[in-house]
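Please look over the structure shown here before reading the notes on its core, ring pairs and pockets.

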Amino acid sequence: MDARSEIEEIVNKETRAFDTKNIELFLSIVHPDMVWPWPPNANAHDPVEWVLPWGRFNSQRWSEYFQKFFEKYDLLRNDRTIQKIVISKERDGAFAVVDVDTLWKPNTGDMLHWYGRACKIYTKSNEQWKMISQMGILNYTKYT
């Protein structure tokens, strides 16, 4: 499989992981050094506003977070469209630009809508691609 196809498969695995609430599938695509900054909302384009709620990847901590999240929310929609994939000339780094439209219905409270564009960053080590960071999900409609 070529690098582009491998990155597409990782994006698809992430989508399937949320579709099926499969924590292990999601964690299987994550690099052990992943750090995941979050904008507080989809219009927070300035990284000065971003937060870092989880720290570096920790399988137990992230599993517990997703378990609680999946218990609280039902997935109503999870549409993801890859807009672009870029592979480094060294074939060891990549990113995918993915449009996300994911709607979660909570047991109580307001809907949670992940809507916008994410930049998912990948590294290849030990002959495997893994997600090492993600920027977004941000609203870019004003730029298109």
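## Basis

This is a predicted model, in which local features need pLDDT of at least 70, side-chain atom pairs count only at pLDDT 80 or more, and totals for chains, interfaces and linings use all residues. Residues are numbered from 1 along each chain as its sequence is written, and side-chain values use heavy atoms, with hydrogens and water left out.

## Nonpolar core

The largest nonpolar core has 33 residues, of which Ile7, Phe26, Trp62, Phe66 and Tyr122 touch the most other members. A nonpolar core here is a set of buried Ala, Val, Leu, Ile, Met, Phe, Trp, Tyr and Cys residues joined through side-chain atoms within 4.5 Å; buried means under 20% relative accessible area, with a 1.4 Å probe and protein chains only. At least two residues of this core come from each of helix H1 (3–20), helix H2 (23–27), helix H3 (59–72), E1, E2, strand E3 (112–125) and strand E4 (128–138). H1 gives the most, with six residues. Helices (H or I, at least four residues) and strands (E, at least two) are DSSP runs numbered from the N terminus.

Leaving out residues up to four places away in sequence, tyrosine 122 touches residues including Ile7, Ile10, Phe95, Trp129 and Ile132. Contact means heavy atoms within 4.5 Å.

## An aromatic pair

The model has 25 aromatic pairs, counted where ring centres of Phe, Tyr and Trp (its six-membered ring) lie within 6.5 Å; planes over 60 degrees apart count as edge-to-face. One of them is the edge-to-face pair of tyrosine 73 and tryptophan 104, at 6.5 Å centre to centre and 70° between the planes. Tyrosine 73 lies in strand E1 (residues 73–87) and tryptophan 104 in strand E2 (residues 93–106), so the pair ties together parts 31 residues apart in sequence. Tyrosine 73 counts as buried at 11% relative accessibility, and tryptophan 104 is buried at 0%.

The largest pocket holds about 320 Å³ of space. A pocket is an open set of points on a 1 Å grid over the protein atoms alone, where a 1.4 Å probe fits, with protein on both sides within 12 Å along at least five of seven lines; lining residues have an atom within 4 Å of a point. Of its 15 lining residues, Trp38, Pro39, Pro40, Leu112 and Trp114 are the closest to the centre. E3 gives the most to this lining, with four residues. The lining has twelve nonpolar, three polar and no charged residues.

The second largest pocket holds about 190 Å³. Its lining divides into four nonpolar, two polar and five charged residues; H1 gives the most, with four residues.

Terms used: Rings of Phe, Tyr and Trp (its six-membered ring) pair if their centres lie within 6.5 Å; planes under 30 degrees apart count as stacked, over 60 as edge-to-face and the rest as tilted. Buried means under 20% relative accessible area, exposed over 50%, partly exposed in between (1.4 Å probe, protein chains only). Grid points are joined across faces, edges and corners, and a volume is the space filled by probe spheres set on the points. Ala, Val, Leu, Ile, Met, Phe, Trp, Tyr, Cys and Pro count as nonpolar, Asp, Glu, Lys and Arg as charged, and the others, Gly among them, as polar.
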